[in-house]
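This briefing goes through a metal site and the strands around it, grouped by topic. Please keep the sequence and the 3D view open while reading.

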Amino acid sequence: MRKRLYMSLIIGIVLLAAGPAAAHFGMLIPSSDIVTQQNKNLELTLSFSHPFEGHGMKMEKPAAFYVVRDKQKTDLLKTLKKTVIMGHQAWHTTYKVKRPGVYQFAVIPKPYWEPAEDISIIHYTKTIVAAYGADTGWDRPLGLPTEIVPLLRPFGNYAGNSFVGQVLLNGKPVPFAEVEVEFYNRGQKLKAPSDYHVTQLIKADPNGIFTFTCPRPGWWGFAALNEADYKLKNPEGREKGVELGAVLWIYLDKYQER
Ligand SMILES: [Cu+2]
């Protein structure tokens, strides 16, 4: 009897571990996806989190953080200050937008060792902000090791629009790439009907293109995950696999009444 209880306990734990894994997301969230004369200062927060469940993880200072406008890259790493997101170390900056343009922000984090998955994780994370009416350049890849290139203009959208993106790895489309999707559940106002609903999953087509309809206003994160063709040492010095994430955050508005 005792033995049986013990066995069912073990089975229970194994089942738990095998359940839908809550997804990590690199997060790069600006105060707005659109800059106007009324809000020239963008506040940006960088974190490594579970956006729907509101769980944070400690994020080391990134390896790189920059913005690209009109093919011109501006390093922003030195402007980062420590902050706390979802109870854990995260990063913050203020960026004053002086000129019209489409601003692509990108963060390259240091590898995050995840013992539960026995891998290191690197999420190359982007968000795209349009300023003062400019609307070209949003579809230009930044040349990251992996990234999602939007095919839907990634600003000025409504909830209910379908996001379309292409997954690139080393500049080439990834056929049938797996893309995890999460809603940034700010303030934990929503709850998921089941664990499956926390992270939604979509597969790209043979050209690495995927479409996902976002039903709610707010920030939506897309994370295309691929295994690196190299290994990195874990904290114990053992060579382990590396998950490369291409993450993009987009904002969807609601219609406003007159
Ligand atoms: Cu985590």
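Predicted model: local features only at pLDDT ≥ 70, side-chain atom pairs only at ≥ 80, totals over all residues.

Strand β1 (residues 25–30) and strand β3 run antiparallel and are joined by six bridges, and P30 has L44 in β3 as its bridge partner.

**Strand β3 and its other pairings**

- Strand β3, which spans residues 41–50, is mostly covered, with seven of its ten residues buried.
- With strand β8 (residues 88–96), β3 pairs in the antiparallel sense over six bridges, and within this pairing L46 has W91 in β8 as its bridge partner.
- With strand β4 (residues 55–57), β3 also runs antiparallel, and three bridges join the two strands; here the bridge partner of H50 is H55 in β4.
- The strands β3 and β4 form a hairpin that leaves four residues between them, and in its turn G54 has a positive phi of about 75°.

**The copper site**

- Which residues coordinate the copper ion? The ion is coordinated by H24 through NE2, by H50 through NE2 and by M57 through SD, at 2.1 to 2.7 Å.
- Along the chain, the donors of the copper ion follow the spacing H-x25-H-x6-M.
- Are H50 and M57 buried or exposed? Both residues are buried, where buried means a relative accessible area under 20%.

Terms used
Residues numbered from 1 in each chain as written. Heavy atoms only, no water. Donors = N, O, S within 2.8 Å, 3.2 Å for Na, K, Ca; no water. Buried < 20%, exposed > 50% of the residue type's maximum accessible area, 1.4 Å probe, protein only. Pairing = 2+ DSSP bridges.
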